[in-house]
Amino acid sequence: MNLVDQVKNAGVVGAGGAGFPTHVKLQSQVEYLLVNGAECEPLMHKDRELMKNFAVEIIKGVELAADVVGASQVVIGIKSKNRSAIESIQQQIKGKNIRIKEFGDYYPAGDEYELVYTITGRLIPPQGLPLDVGCVVNNVETFYNIYRASEGIAVTETFVTITGAVETPLSTLVPIGMSVNDVLQLAGGANISEFAVMESGLMMGKPVKDLRQPVTKTTGGLIVLPKEHNLIQRYEKPPKIMDRIGHSACDQCSYCTELCPRYLLGYDVQPHLVMRSLGFSATGAELWNSFAQLCCQCGICTLYSCPENLYPREACIHSIKDLKAAGKGKWEGTPEIKVHPMKNDRRVPVKRLMNRLGITRYDAEAEYVAMDVAPEQVHISLKQHVGEAATSIVSIGQLVEKAQEIAVIKEGKLGANIHASITGRVREIGQNMIIIERVN
Ligand code: SF4
Ligand code: SF4
């Protein structure tokens, strides 16, 4: 069996983002294979810990993938501050056609557009893909999973950082489908009584609505903060209120645009102009403007730049949604991209961002701890990836082994296969979920 089929069978998806099926990416032929280890979400350390502790597997995955996509250039992006990860990776790439590109400690360094530009000097066309400029980009965890797939091992675990207001911040591998609450217990649980949890990052992650919710292939971490923390309060504000405050309080200072990473990279994103259109939103999508369309939702404008604590990112998201609904989702603006001369001077250092977010006190190393995690029950989502939900191939009461295929993607459809993350009995099969109870 070739690598593409092995990766498809193992259900490998992009671990660092929305979960794009990896076997599809591996079918391209490109000049550059880029390895994204430039983790930039504050408090998250899972990629650093993965590189430190699993460099052998990651580099084997990189070599296999480079071979399949025909890449002549293979580059790993890692932040200079992560010396331990750099040293582990260096050990494994000696004498190989793989090099490391060191990044400064800025946010957002791991954004695909930023990463491609920093390493290759190429600019992805508006609304385009790395493939358009001869690159395939994958997160380090994805390469770890590619290697395991080549050994016949399916994706049944996700690598997470558990941090913030928990007893012992750490990073570890956990079975997919384990509840957020159970995962938090691995770090000793929350050390405060009234808390909220953010999944996969404070900037681009999302608040956890229910602690019973399961972790998926794309969960990169859980961050616990006090319920009354300003950041949590801001995420909990209803969209209508965000728009209303923005309409009345935005003074058009344009800081949101001046510090926008995509604007600085040369794309025509201007959140202050999107904010100006808030006043007209009642009349519908026509008046939302296209200055939101190339926004990558990094959150810098809302969580860092705006002196009035307004919500320009959310206005962009709202605008993009309305434009799509009106059939105007395609970029029709200038194809020209010209990097802003102040780009390097206006980058946001992660330390300053943490200070602005009010989370410096939660800055912990969260090092990797090997654990034998055996949950009593897992809720495995049938849609942990971009594309269609997988279809169950098991029945209620059936005994399944860990790593057994339990849901598959239809032939010719975009998606990923799903495997049991524990040995147990299928208790329930819903439209979106398979529940398995452990048997000893
Ligand atoms: S930074 Fe805030 S106040 Fe200034 S233009 Fe942007 S949204 Fe308006
Ligand atoms: S979220 Fe704000 S800062 Fe980030 S790309 Fe979008 S408009 Fe720019």
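1. Strands β13, β15 and β16 make an open sheet of 3 strands in the order β13-β15-β16, with antiparallel pairing. Strands here are DSSP runs (E, at least two residues) and helices are DSSP runs too (H or I, at least four), numbered from the N terminus; two strands pair if DSSP finds at least two bridges between them. Please keep in mind that this is a predicted model, in which local features need pLDDT of at least 70 and side-chain atom pairs count only at pLDDT 80 or more, while totals for chains, interfaces and linings use all residues. Residues are numbered from 1 along each chain as its sequence is written, chains are lettered from A and ligands numbered from 1 in the order in which they are written, and side-chain values use heavy atoms, with hydrogens and water left out.

2. In β15, Ala407 stands opposite Ser392, and its bridge partner in β16 is Ile418.

3. Now for the domains. An automatic or database domain assignment sets the bounds: domain 1 (3-150), domain 2 (156-229 + 358-373), domain 3 (239-348) and domain 4 (376-440). The C-alpha centres of domain 1 and domain 4 lie 28 Å apart. Their contact (heavy atoms within 4.5 Å) takes 11 residues from domain 1 and 10 residues from domain 4.

4. How much area do domain 1 and domain 4 bury between them? The figure is about 730 Å², with 59% of it on carbon and sulfur atoms. Buried area is the accessible area (1.4 Å probe) that two parts lose on being put together, summed over both. On the domain 1 side, the residues losing the most area to domain 4 are Lys8, Asn9 and Pro21, together 42% of what that side buries.

5. Lys8 turns up again in the polar details. The count between domain 1 and domain 4 is 1 salt bridge (a side-chain nitrogen of Lys or Arg within 4 Å of a carboxyl oxygen of Asp or Glu). Lys8 forms a salt bridge with Glu411, and their closest N and O atoms are 3.9 Å apart.

6. One last item on the domain 1 side: the elements giving two or more residues to the side that touches domain 4 are α1 (3-9) and α2 (22-25).
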